[in-house]
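Here's a quick walk through one protein model, from a pairing of charges to a greasy surface and a pocket. Have the structure open as you read.

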Amino acid sequence: MRSIFPSTTQRYTDPMGVEHIIHKRRLSIGGMVIKGLCMILLIAVAAAFLMPIVLTIANSFMTSSEISANYGRVFSGVSGSRTFIADRVNLKFIPDKVSFSQYITVLLKTPDYLVKFWNSVILVAPIVIFQTVVALGASYCFARFQTKFRSIVFFVYIILMLMPYQVTLVPNYLVADWFHLLNTRWAIILPGVFSPFSVYILTKYMRRIPTAMIEAAKLDGCGEWQIFTRICVPVCRGIIWSVIVLIFMDYWNMVEQPLILLSKAEELFPLSVFLSKINEGDVGLAFAVATFYMVPALLLFVYSEEYLIDGIASSSGIKG
């Protein structure tokens, strides 16, 4: 009886099998090399983006003499109103001696910095909270109710979202002047509360919620309010945190709005506007204030990182 299995000589002298194994090994080695190069490239890009942040935090703990030795020449050559670099700058990521004198000056000796910081908090916190609330209600209406003018109104939202703030700054200024809100916090808070950006993002997400979930809730006797609070809001939790982070970053770093709408009320300026004036004086103090200014954004990102990842993963998994 003839065996169906190849002999030992046939197994080890089959050129096609050997070539297939060699080809697979080459592909695997090539894939590992490509992955390694991509990883090196990503690490280099991440290091380039993180270097200014690490440099700012590290230099905020340096003494004034060390900062002057490393960066004093940047502001040493002044010709009229110009400032130029007179010599090479020495970038240092590790201080020779750790000092908290800059933070003591910011937090205890100079109250102006804390006042500007709390101005930023007072302006940004209501915008983040109420813009999210307004956007959730408007997005639910856009996603759930089939009205005659829904597409037109939503198209207007998209047009307003695509316009840069500099285009709408003049109308905002005229409206604030008409309502006698110029040089008050309401001139910045009210336009921020009704920004169309978050409405667009949340509407696109809510439209992808399966209709079967809504119909099942209706069969169980849920009304619109219960559907909104018990289904839409929990499902959109990840994207809501993403929107909160984006809103916070946008208004925490605002410059044009307070410069135009609070031009005669500099005592209400946020810290984002005041940072430019700090850079004109003590460089070490500017490092400390910049680090202090970054803390709320970093804390918000660290706290919401899990929700951000969940929102991104859910947006790719939900189908409408």
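## A salt bridge

Glu224 is partly exposed, at a relative accessible area of 31% (buried is under 20%, exposed over 50%, partly exposed in between, with a 1.4 Å probe and protein chains only). Arg144 also counts as partly exposed, at 21%. Their side chains meet in a salt bridge, 3.1 Å from N to O (a Lys or Arg side-chain nitrogen within 4 Å of an Asp or Glu carboxyl oxygen). Glu224 sits in helix α11 (residues 224-235) and Arg144 in helix α5 (residues 111-144), so the pair ties together parts 80 residues apart in sequence. Helices here are DSSP runs of H or I, at least four residues, numbered from the N terminus.

This is a predicted model: local features need pLDDT of at least 70 and side-chain atom pairs 80 or more, while totals for chains, interfaces and linings use all residues. Residues are numbered from 1 along each chain, and side-chain values use heavy atoms, leaving out hydrogens and water.

## A nonpolar patch

A nonpolar surface patch covers about 930 Å², with Phe149, Ile152 and Val167 among its residues (patch members have over 30% relative accessible area and no salt bridge, with nonpolar side chains joined within 5 Å). Helix α6 (residues 150-162) gives the most, 7 residues. Phe155 is in that helix and is exposed, at 51%.

## The largest pocket

The largest pocket holds about 770 Å³ of space (a pocket is an open set of points on a 1 Å grid where a 1.4 Å probe fits, with protein on both sides within 12 Å along at least five of seven lines; lining residues have an atom within 4 Å of a point). Of its 30 lining residues, Tyr165, Thr168, Ser195, Pro196 and Tyr251 lie nearest the centre.

Conventions:
Patches are made of residues with over 30% relative accessible area and no salt bridge: like charges are joined within 9 Å, nonpolar side chains (Val, Leu, Ile, Met, Phe, Trp, Tyr) within 5 Å. Accessible areas come from the Shrake-Rupley method with a 1.4 Å probe; for residues, only the protein chains shown count as cover. Helices (H or I, at least four residues) and strands (E, at least two) are DSSP runs, numbered from the N terminus. Grid points are joined across faces, edges and corners, and a volume is the space filled by probe spheres set on the points.
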